[in-house]
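This report describes selected elements of secondary structure and the contacts between them. The sequence and the structure are shown first.

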There are 2 protein chains.
Amino acid sequence: MIFTKLETVASAKAKMLEAIKSKGLETECVSITEAFGRTLAEDVKSNENIPGFVRTAMDGYAVKCEDVRGATPENPVKLKFIGEVCMGHVPEFTIEHGTCAYVPTGGMVPEGADGTVIIEKTKTGGDIPSLPADPDAEPIYIELYEQPKPNGNFVPIDEDVKKGEIVLAKGRKLRPQEIGTLASLGRTEVKVYKPLKMAIISTGDELVAIDAPLAPAKVRDINSYSLMGLAQKYGMEITQMSLLEDDEELLEKTVREAMKTADIIAASGGSSVGKKDATARIFDKVSNPGIFVHGISLKPGKPTILGFDDETKTLLVGVPGHPASAMMSFEMVVMEPINEYMTGKSAEESEFVVPAFLTSEAKAKASRDTCITVSLSAGDKPEATPINKKSSAITMLSQADGYIVISAGEVKNAGDMVKVHLF
Amino acid sequence: MIFTKLETVASAKAKMLEAIKSKGLETECVSITEAFGRTLAEDVKSNENIPGFVRTAMDGYAVKCEDVRGATPENPVKLKFIGEVCMGHVPEFTIEHGTCAYVPTGGMVPEGADGTVIIEKTKTGGDIPSLPADPDAEPIYIELYEQPKPNGNFVPIDEDVKKGEIVLAKGRKLRPQEIGTLASLGRTEVKVYKPLKMAIISTGDELVAIDAPLAPAKVRDINSYSLMGLAQKYGMEITQMSLLEDDEELLEKTVREAMKTADIIAASGGSSVGKKDATARIFDKVSNPGIFVHGISLKPGKPTILGFDDETKTLLVGVPGHPASAMMSFEMVVMEPINEYMTGKSAEESEFVVPAFLTSEAKAKASRDTCITVSLSAGDKPEATPINKKSSAITMLSQADGYIVISAGEVKNAGDMVKVHLF
C-alpha cells in the first residue's frame, strides 16, 4: 500500500517503535572487558551485601560498650589493649570483657565489640601503642572516658550495596563507571543486546563508487558511508553496502537477498520522483505488511519511507538523497526510536542530544517540522550556529555537528536554548 | 626526585601535555569503513573541484545569451529545441546559435550555453516538450522573452569544494558526517593516530580479583576495570591488566616489563601512605627523568603521580585508590591533555564536556580545586545534581554521569550553569 498522506514525525517515530517491538531484540553474554559502549539487556543485581563486613566510621578503640559505662574524663575506664586492626585484614582477636583494640576508619570491627570510643575520648589520643612481642610483658592499658552508643560508629555490612538490590538496570549504556560497577559486583560477563545488522543500498545512475574517478555530471556515493557511520555510532554491524544503477529488477533482487541476513535495510535513492517511487514499490512488493510510513511532514526528510516484513522481521527504510537530509531523517525516525527501545530513554534524555544557545534566529516552515543543521562551539556557554541553508552538500556535512528540530510554524530566537541532536 | 609541593591542576595538565609532546604520537592508515571514532592525523584536502561541472541553479532553457537579446513578452525570441539534459548525464549536444535545451535544477549545463532562461520567462512554462524521434520531423521552437545575465544562473564547478582546499583539518574526530565527507572526496583510506597502548596495574593486599569470592575485609579490584573503560572511551588499547599484592619487588618487575610495550602505565594503589610511596619510589627508580608531578592540589586526587621515561617514552601514572577519585584524576590530568594534543581542542571544547544547570549548591575546599561527582537529568533544561559525598564507592560510581570542577574557595549556586566532564 502506498500512502498519500504525510505522517507527522511523532507518529512516524511511534510506528517505528512499534515495529521494533514486534521484531524484538536479541541478546548475548560478553566479557566486561568487551562490554564498553554496549547496552544492558538485564537488571544487574548484587549477589551479596557490600562491603559485607562491619567497619568503623571513625578512628578509635573497639570495645564492649558495657565496659565503658559511666566513664568520665575524671574517672576513665582502663581496658587492656590487645592489638590493632589492619586495613584489609580480618582481626585475629576477639574483644572480651576488659579488653579493647584499635580500629582505623574503614577497618573491620573485631568480633565481640559492640561500639568504638573515638580516639579524642581517650587519654592516648592519636598515639597507637604497639603490642609487646613478648606475651609475658607488662600489658598496655588504654584509658577511655566516653560510653559509645551500641553500634553507633559502625558502618553496616550493606552500606554500599544490599544483597538482591538492582545496581544497574536493564537499558543502561555501559560507560567506564558501569564497567567499574560490574567489576565491583564480581560480574565478569554481562548480558547485552546484540548489534543489529544493517544493509545499506544506494541507487542512482548519477552515483559513482568512492574509489572511481569522478566523471562529469556524476557525484560520489556519500550516503552509504555517512549512514554506515551513523550505524556504527549506534553500535550496529554493517552486513552489506551495495551501490546500484537505477534498475528495478536489480534493486528488488538486492533487497530480497539483504532481507535474509539484515535486521535493517537502508536504501538511499536519487532525487527524482520516479526513483523514489521505485524504492517504495519494491519495499512494498517484497514485504508484508509492507510500508507503514510513506512521506513525513518534515523538512528535509519528506520522502522518508518506513516498512516492515513480518516473516524475516526486517525493517525497511528509504531515506532522502541529500546527504545531510539522509542523516537527519535516518537518525530521527530510525536510530532514535531503536535507541529509545533499548535504553528506555527518549532521544532528548540520551547522550546524543546536548543543549546549546542559538546564535541567530532559526525558523520552521509553516506547515512542516523543520530540521536545521548547526555547528557547535564552546565558549563560556555552548553555542549552536545554524549552517547557511545555501551550503552545498559536502560543506554542510563537514561543518555540521548536529541539528535542531523546530516545530511547524515556530521560530527560535538568538539566545534561546535549543537541543542539538548530534550526528 | 620526590616532590613535597602540591602541583596545581593547570600546571599538572600542562606538564603532562609537554610529556606527551616529547613522546609524540604514531599514525597509521585505515579504511574509512574502520575509521569511525578515530582522530585525523592529516589535513584532508580535495584533489578536485566539486561538483566539477557547471550546473544550473534554476529549471530553465540553456541558451547563448546573445540570441535572446532584446526579447520581451510581446516580442519573444524563438529558438529551436534540441533536447533535455537528464540528471547525472553529460549532455550529448552543444548549444549553437539559434538553439536551446531544457536543463533541470542541478543539471549539467551543455557546452556552448552561457546562460539559462528560467521557465517562468518562456511561453511553454513547465511543459517540457519531447524531442521528436524522427530527425526529419518538424522542429520544435521555444518562445523565450528574457535575456539572462551571462553565467547568471550557473553554479560554478567549485561551488561545494575547491581543489586544494582543506576540508577536514588534522585533529578532527571522525563521526558519521566526517566519514561521509571523506567518501565525498573519494578517500578510501585516511591517516589517523594509532591507539595508545595502556597497561593497568592494581596493587593492594586488600584487593581480590573480580572472579574470586569476596572474603571478609577484602574489596574487589574495581579501578582496573573503570580505568580500562576510560581508556576504551578515549580509543586506547589495553595491553595488560595486573593485580598485585603489596610487594615492592614484584611491582618493580611488573612496571619494568610493562614499559617495554605500553605507552602509558596506570597504577592504582591502596589508600595507605606507605603503599603510595612505594609506587612513587618505584616509578622514580625505573624511569628517567622520572616523576614530574607528585601530588596535585585537587580534592579528591591529591595522591596523583605523573612520571616519564625518556628511553622507552612511557608515561607513568599513579592514581588514588577510591574508584571515583581514580577516574576523575585519571581523566582530568591524563586523558584530557592527551585528547587535547590529538584534537587541538581543550577538554571544555571536546565532546566529553556538556553544560547543565546545578540543582543545589556545590562548594570547593578553600585551598584546593574540588571535583564533585554529579548525575545528569534531561527535562526542559539539563540538570546536574551533586551526588551526596557520603555515598559509598559503588553507589557513587553507578550514579555518576561525570563530575564538575570548582576552583579553590569558590561556590556554585543552585541554578548556575556548570560544565560536566562526562566519564
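## A helix pair

In chain A, helix H3 (residues 223–233) and helix H6 (residues 323–343) have axes that come within 10 Å and cross at roughly 30°; axes here are lines fitted to C-alpha atoms, for helices over the stretch in contact, with angles running from 0 to 180 degrees between N-to-C directions. Helices (H or I, at least four residues) and strands (E, at least two) are DSSP runs, numbered from the N terminus. The crossing angle makes H3(A) roughly parallel to H6(A), since angles under 35 degrees count as roughly parallel, over 145 as roughly antiparallel, 65 to 115 as roughly perpendicular and the rest as oblique. The crossing of H3(A) and H6(A) is right-handed, a term used if the near helix is turned clockwise from the far one by less than a right angle.

On the side of H3(A), the contact (heavy atoms within 4.5 Å) is made by Asn223(A), Ser226(A), Leu227(A), Leu230(A), Ala231(A) and Lys233(A), and on the side of H6(A) by Pro323(A), Ala326(A), Met327(A), Phe330(A), Glu331(A) and Met335(A). These residues divide into 8 nonpolar, 2 polar and 2 charged, where Ala, Val, Leu, Ile, Met, Phe, Trp, Tyr, Cys and Pro count as nonpolar, Asp, Glu, Lys and Arg as charged, and the others, Gly among them, as polar.

## Basis of the model

This is a predicted model, in which local features need pLDDT of at least 70 and side-chain atom pairs count only at pLDDT 80 or more, while totals for chains, interfaces and linings use all residues. Residues are numbered from 1 along each chain as its sequence is written, chains are lettered from A and ligands numbered from 1 in the order in which they are written, and side-chain values use heavy atoms, with hydrogens and water left out.

## A mixed sheet

An open sheet of 5 strands in chain A has the order E7-E4-E6-E5-E8, with mixed pairing; two strands pair if DSSP finds at least two bridges between them. Its edge strands, each pairing on one side only, are E7 (115–118) and E8 (141–144) of chain A, and the twist averages 45° from one strand to the next.

Strand E5 (residues 77–84) of chain A pairs with E8(A) in the antiparallel sense over 4 bridges, and Lys78(A) stands opposite Glu143(A) in E8(A). E5(A) and E6(A) run parallel and are joined by 3 bridges, with Lys80(A) opposite Thr99(A) in E6(A).
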